[in-house]
Amino acid sequence: MKTGLLWKEWRQNAWLFILIVVAFIGSEAMNATDLIQSFDKNYNYYQSDEFHKSNLESLNEDKMTTKDIEDSLKIEPFQFDTNIYIFICVFLLLGLKLTVFEKNKQMDYFTNGLPYSKKQIFVHKLIIPTILLLLIIPSIMLVRFIYIYQQIPITYLPDFSSLIIIIPYAALIFFFSFSIAIAVGNLVGDIIAAVIVALGSLVSIMYMFSASLLNLIYIFKSFILGKAGSEVDKGNEIWFSIFPYRLIFEEINIGNLIALVILILMMITISWIGIKTASMENNGRFLMNNKFRFAVLYIGSLYVSICLSGYYTSFDYENVVSTGMIVGLVIKMIVIYLLTALVLWFIMFKRKSITGN
């Protein structure tokens, strides 16, 4: 470990790291306080004379039994609130700040001028964010949950052992957002383009890609086999169930964690390839390495085509897919592919960046 590099990263971004920690502590504290206050309010109401009188006067079918009251008081402290979306964006911006935003300030010229290899620079840039995401953030969440379990009777809470998967799950979602940002930030030199690509990648991977691809597989398989969608083999769902589709809403399982770890490692690998092959002459341009133009054009266009055509196409599972629908779907996919390729070609080969450099 090179203390000089680590100190440079800390000195340069300390204000942001500290701000994130303070904001996360405040968010978790408010969340826990609101949850406890809400429980106390409901608990006191059910113990009040007002409720007992009202319950006695209710019709038999409307009366609440002791079990009904207990069920009504049960809470789910693991349920994520809207703050998780905010911090997903915060860690996305953190990754962009450490990469493409530094290019804008030409800090990468200073860093690459130091007597360190690109590998050393890359590794040290990840040390503090990794500690933040995999140690500090999970610790704050654990303290929050411990406090909740101390204030609310265990009768109304799920098993505390559920934390074993919940905490790393949330931490990995944040890390995944960060890893997408550093991958994009080391490939893209234009700030506006990097923000758009990073946000688009995050949303599409978490909400669209797996569902879109699975939908297309069902449609074409139903057409080829001449069967209704309900008759088509659903074995593919087993694989797609562990792919991070609607990660925040679907049931949490080990498969989600494995998929997230794999995706994070893929993004870190892409990030390393990006920083290793980047040309500082391309700061401010769409791509930091011009050799990736055609790969980005082909793969990016195909990816967008799958996401949009599959996600916004539906069919009747009780009937065989018609030839007309297949023709329309293929035309839609080709049009989306060509339009995306045209936009990417124009930006990479003609305009060089969204800002026109």
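Which residues in H8 meet which residues in H9? Hi everyone, let me start there. Ile173, Phe176, Ser177, Ile180 and Val184 in H8 meet Ala194, Val197, Ala198, Ser201, Leu202, Ile205 and Met206 in H9, where contact means heavy atoms within 4.5 Å.

Some housekeeping. This is a predicted model, with pLDDT of at least 70 needed for local features and 80 or more for side-chain atom pairs, while totals for chains, interfaces and linings use all residues. Residues are numbered from 1 along each chain as its sequence is written, and side-chain values use heavy atoms, leaving out hydrogens and water. Helices are DSSP runs of H or I, at least four residues, numbered from the N terminus.

Back to our pair. The axes of H8 (residues 163–187) and H9 come within 9 Å and cross at roughly 140 degrees; these axes are lines fitted to C-alpha atoms over the stretch in contact, with angles from 0 to 180 degrees between N-to-C directions. The two helices are therefore oblique to each other, as angles under 35, over 145 or from 65 to 115 degrees fall in other classes.

My last stop is Asn215, in H10, which is buried at 11% relative accessible area. The side chain of Asn215 has a polar atom 2.9 Å from the backbone oxygen of Gly310, and the Asn215 side chain also reaches the backbone oxygen of Thr313 at 2.4 Å. Thanks, everyone!

Technical notes: Buried means under 20% relative accessible area, exposed over 50%, partly exposed in between (1.4 Å probe, protein chains only). A polar contact is a pair of N or O atoms within 3.5 Å; within protein, one must be able to donate a hydrogen and the other to accept it, and residues adjacent in sequence count only if both atoms are side-chain atoms.
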